[in-house]
Amino acid sequence: MRQPDADTTGRTLRLALVADPGLPSELARDLAPRLPEHLRRRIGRGIRWQVDTVTAPLVAHEQVDVSSVAEIVRTHLEDTDWDIGVLLTDLPRRAERSPVSAEVDPEHRTALISLPALGSRRLRRRVRQAVVGAVRQLTEQDEKLLDSPVVGRPAPEEESSRERYVVPGLRGHVRLVLGMVRANRPWRLFTSLSRALAGVFATAAIGFVNATTWQVSTALGFPQLTLTAVLSTLALTAWVIIDHGLWERAGDLPDTHAPLYPYNLVTLLTIGLGVFFLYAALFVTLVAVSFLVVPPSVFGRIVHHTVGASDYLTLSWFVASISLIGGAFGTGLENAEEVRDAAYGQRHRRRQRQLTEARERAG
């Protein structure tokens, strides 16, 4: 790592943007091409910026400090002459009970940004704002120029040159949970659960040609159909969590982690959303198929009234709900590693093993 002079006017500074695998790496690659222009506009002083991106597991536990992570960065950039390192992680970090959005270490010229504390909305803009704000501090710019501060508020001062930024209060905890769910990318879990569709569609096919199903679906009211949908979604969600061992227990996480909150809550929300996306796709498919394969004359003769669009919708709704139970048997066929990525504890234990292996190879 180079040690730039205090006066960086007219110089080229090299920024290493190092990110955990997954969403942090995607955001880093998306941000890198436009980041030099944002830095020039916000920092100025004629500095020319060169941005390099690296994907590597960074953080082994929540409470690691940024200077320790800087050592990891050096192992990945040992052949690169870099001036400033900004690290992006999807692991939640906390100071006391407040989510930490960023930690800046001027001594090592590095900053660690935790994506979950930035929330789920406008995430790319917030990441860019946090990166630019951290770089401004690391280049020791004049205070009057700091119109793009690091996201969050400075934490109470510690006996250290590092500075932490937190998002306090209820807003911070809501952001943290939503940010963790966003980092899990539940819409991708849909593809991991796609093999469960074998069981789902097998059950749906049986239901669609069963006259009793037709009669029951048209006899149920809106509250009953809603309750059936909710219970079936919860049942498949619980099955996925139990079958893949995603529920964390106190002894599963390292001592350096904060209490289990919000790990299990985030796992529940992530799997639940993945199942919901599966349910929605199934419902839309069944609605389309029902109009094609269920003749109105036959349908009306079975249910003893003239059928309309609402009858086809309720039939598809009911069949989708009962089919999710059949889908539970299909989840045993899934790629367990992909599904387990929905649990933070499991994902970061795997990264911890990777970090340990990397240190052993380096040693």
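Helices (H or I, at least four residues) and strands (E, at least two) are DSSP runs, numbered from the N terminus. On that basis, the protein chain has 14 helices and eight strands. This is a predicted model, in which local features need pLDDT of at least 70 and side-chain atom pairs count only at pLDDT 80 or more, while totals for chains, interfaces and linings use all residues. Residues are numbered from 1 along each chain as its sequence is written, and side-chain values use heavy atoms, with hydrogens and water left out.

**The chain as a whole**

- Of the 363 residues in the protein chain, 50% count as buried (under 20% relative accessible area; exposed is over 50% and partly exposed lies in between, with a 1.4 Å probe and protein chains only).
- Take the contacts (heavy atoms within 4.5 Å) between residues at least 6 apart in sequence: 78% of them join residues at least 24 apart.
- The chain exposes about 16800 Å², and carbon and sulfur atoms supply 57% of that area (Shrake-Rupley method, 1.4 Å probe; for residues, only the protein chains shown count as cover).

**Aromatic rings**

- Rings of Phe, Tyr and Trp (its six-membered ring) pair if their centres lie within 6.5 Å; planes under 30 degrees apart count as stacked, over 60 as edge-to-face and the rest as tilted.
- By this rule there are five aromatic pairs.
- One of them is the edge-to-face pair of Phe299 and Tyr312, at 5.3 Å centre to centre with 80 degrees between the planes.
- This pair links distant parts of the chain, with Phe299 in helix H11 (residues 296-303) and Tyr312 in helix H12 (residues 309-330), 13 residues apart.
- Phe299 is buried, because its relative accessible area is 0%, and Tyr312 is buried too, at 4%.

- Trp187, Leu273, Phe276 and Phe277 make a nonpolar surface patch of about 370 Å².
- Patches are made of residues with over 30% relative accessible area and no salt bridge; like charges are joined within 9 Å, and nonpolar side chains (Val, Leu, Ile, Met, Phe, Trp, Tyr) within 5 Å.
- A salt bridge is a side-chain nitrogen of Lys or Arg within 4 Å of a carboxyl oxygen of Asp or Glu.
- Helix H10 (residues 263-293) gives the most to the patch, with three residues.
- Trp187 lies in helix H6 (residues 186-192) and is partly exposed, with a relative accessible area of 43%.

**Leu282 and its neighbours**

- Leu282 is found in helix H10 and counts as buried, at 1% relative accessibility.
- Leaving aside residues up to four places away in sequence, Leu282 touches Val200, Phe201, Ala320 and Ser323.
- Leu282 and Val200 are 82 residues apart in sequence, yet 8.3 Å apart in space, C-alpha to C-alpha.
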